[in-house]
Amino acid sequence: MKWFGAVLRVTCLRIMGIPKILERRFRAANSLSASTFCAPSGFTKPPASAFCPLAVLLLAIFALAGCNDYGNTFQNPTGASISFLAPSTASAGSSDITLTVTSPTAGFVTKTVVQWDGKTIPSTYVSATTVTATVSASLLTKPGTAFVNTLNPFSGAGNNGLSNTLTFVIGPAPNPVPAVTSLSPTTAAAGSASFTLTVNGSSFLPTSDPSGGSQVRWNLGPTQSTLPIVTITSSQIQATVATSLLVNATAQPVSALVTVYNPPAPPAPTPAGGVPGPPGGGGGTSPGGLPFTITPAGATPAAASRTTAAVTEETPAVSMDGRYVAYTAVQGDHAQVFVRDTCEGAASGCQQRTLLLSTAEDGTVGNDDSHAPSMSSDGRYIAFSSAATNLAVNAAAGRQVYLHDTCFGANSPSCTPSTQLVSTDADGALVGTEALLPSVSASGRFIAFLAVTPSHASSKSAAQAKPAAGNSNNSGYRQVFIRDTCIGTASCTPKTTRISLQPGDTSATEAKPAGPALSANSTHVALPGANAATLFTHSVAVDDRVFLALTSSHP
């Protein structure tokens with residue numbers, strides 16, 4: 001065995017490139033010579049053709065397995081034992097991360113460093129159980145796995161300072177959520193020939209993406225169809241709308257909702273014997289979607305335009321910073337309330353989007369007309385009047401006022417958009433009335449609105465009645481209420497307060513009654529219209545047609 005060990009060391013010297021003069025000295029000290037390399041003294045020399053080549057091959061294999069940079073025969077870890085990485089995964093394309101490595105045996109020293117795939121990265125000693133390191137973005141560009149270990153200072157034979165190795169998984173980058181900004185065309189008659197629909201927006205995925213790319217979805221009633229893609233870029237998709245999707249059996253225009261869906265990124269392929277990576281995730285459906293109008297068979301786009309004209313005179317509501325705009329537009333058979341995020345003044349990553357507000361809790365579109373949006377100063381709370389019966393539980397018949405929380409700018413990430421009934425009163429003051437024309441305070445907490453009771457002379461409320469020749473009593477009994485929703489306050493009970501002492505009811509030729517206007521701090525309400533003989537608890541005459549009601553005590 002002495003001979004075997006000596007020959008093994010000579011082989012190592014050769015592999016490691018030691019000068020031949022040192023090799024000759026080593027041979028002399030161990031009684032080895034080139035001629036007796038395969039059979040030292042004391043052994044019967046075997047036939048060279050039989051055993052010497054085999055012996056050299058075996059020695060070379062053992063030498064390659066045993067030689068290392070540290071001069072040790074084997075590479076078993078002799079440094080710290082590590083058990084935990086935090087984080088242990090990241091998405092491809094991530095920015096720099098701080099990696100925490102934990103040793104349960106307290107094996108770290110002040111000069112311990114972290115290695116990433118065998119290369120040292122910037123490291124910081126924290127304690128005997130913890131070191132941190134900076135993993136640069138350049139190491140996280142592609143999905144896959146990396147191997148992490150630590151290295152302690154070492155000296156002497158049998159010590160290499162290496163820890164065991166832990167696996168770090170780099171998953172695919174998550175897919176973005178798409179946004180849809182416009183459609184072209186926006187209307188077609190039922191039964192028309194198939195055509196190419198152009199969808200403009202952002203964050204669209206090509207068909208070559210591992211997820212399969214973006215999908216254009218056509219939502220008409222309870223049916224959802226995926227349109228065949230013609231071309232696609234990051235900001236525009238062209239898809240085919242077949243004749244079979246242009247269905248309208250009514251006498252009024254109906255709307256299909258067009259959305260774009262991005263599938264989640266798939267997980268990275270698992271290498272043979274490797275660790276499965278996390279799924280890429282992300283993706284989703286564009287918020288809100290845009291309506292595509294399908295007119296009755298034989299109708300022209302102008303007919304749809306005339307339907308839309310019924311709401312074009314309504315004044316939109318704008319947030320204080322100009323970013324959010326609420327407005328009324330026709331979708332299908334009914335007018336609906338929408339809000340547009342223009343991203344005005346927002347960070348560069350903001351994506352413009354349009355959301356439908358007049359919906360039920362499950363997302364179902366309002367089943368009747370909605371009008372007159374009013375917005376809080378930050379754009380988060382939007383009040384509107386609607387005759388839809390599916391927006392809230394136990395809503396009274398006829399038009400009612402609702403408040404929608406969009407969650408725009410909410411501090412809590414768990415905020416969920418919701419709609420609540422505003423025109424409600426536990427004392428029954430609103431029984432038999434219709435509520436319309438809301439006005440919201442700056443904070444969104446208070447909402448002033450007009451409650452109309454059909455007058456004795458007309459069976460229709462003011463907004464429903466049509467102007468007639470001469471004086472026709474179409475105003476109805478009008479009362480002004482303020483609803484305290486208690487938004488943003490604690491230990492508060494929502495309540496509705498009437499600020500008009502008695503309702504007004506006079507002859508008027510206006511087709512639409514004027515609604516109240518609430519001041520930002522909710523202490524003043526203005527109501528135009530001298531023909532409305534409405535008396536307020538505290539009021540100041542501004543001019544012959546405008547009265548200012550005071551909602552709180554004043555000297």
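**View 1. Disulfide of Cys 486 and Cys 492.** The link between Cys 486 and Cys 492 is left-handed, with -60° about the S-S bond. The model is predicted: local features need pLDDT of at least 70, side-chain atom pairs count only at pLDDT 80 or more, and totals for chains, interfaces and linings use all residues. Residues are numbered from 1 along each chain as its sequence is written, and side-chain values use heavy atoms, with hydrogens and water left out. The sulfur atoms of Cys 486 and Cys 492 are 1.9 Å apart; a disulfide is a pair of cysteine sulfur atoms within 2.5 Å. Cys 486 is buried at a relative accessible area of 9%, whereas Cys 492 is partly exposed at 26%. Buried means under 20% relative accessible area, exposed over 50%, and partly exposed in between (1.4 Å probe, protein chains only).

**View 2. Disulfides of Cys 343 with Cys 350 and of Cys 407 with Cys 415.** The count of disulfides comes to three. In the link of Cys 343 and Cys 350 the S to S distance is 2.0 Å, and -70° about the S-S bond makes the link left-handed. Cys 343 is buried, with 14% relative accessible area, and Cys 350 is partly exposed, with 25%. The sulfur atoms of Cys 407 and Cys 415 lie 2.0 Å apart. Their torsion about the S-S bond is about -75°, so this disulfide is left-handed. Cys 407 has 14% relative accessibility and counts as buried; Cys 415 has 23% and counts as partly exposed.

**View 3. The open sheet S20-S21-S22-S23.** Four strands form this sheet in that order, with antiparallel pairing. Strands (E, at least two residues) and helices (H or I, at least four) are DSSP runs, numbered from the N terminus. Two strands pair if DSSP finds at least two bridges between them. Strand S20 (317-318) and strand S23 (353-356) are at the edges with a single partner strand each, so one side of each has no neighbour in the sheet. Eight bridges join the antiparallel strands S21 and S22. Val 330 has Ala 335 in S22 as its bridge partner.

**View 4. Aromatic pairs.** Seven aromatic pairs are found in a search of the whole structure. Rings of Phe, Tyr and Trp (its six-membered ring) pair if their centres lie within 6.5 Å; planes under 30 degrees apart count as stacked, over 60 as edge-to-face and the rest as tilted. Trp 116 and Phe 168 have ring centres 5.1 Å apart and planes at 55°, so the pair is tilted. Trp 116 is in strand S4 (residues 113-116) and Phe 168 in strand S9 (residues 166-171), 52 residues apart. Both Trp 116 and Phe 168 are buried. For Tyr 327 and Phe 338 the ring centres are 5.7 Å apart and the planes at 20°, so the pair is stacked. Tyr 327 belongs to strand S21 (residues 324-331) and Phe 338 to strand S22 (residues 334-341). Tyr 327 is partly exposed at 28% relative accessible area, while Phe 338 is buried at 4%.

**View 5. An aromatic cluster and a charge over a ring.** Phe 195, Trp 218 and Phe 292 make up one aromatic cluster. Arg 217 lies over the face of Tyr 261, 4.0 Å from the ring centre. A charge sits over a ring if NZ of Lys or CZ of Arg is within 6 Å of the ring centre and within 35 degrees of the ring normal.
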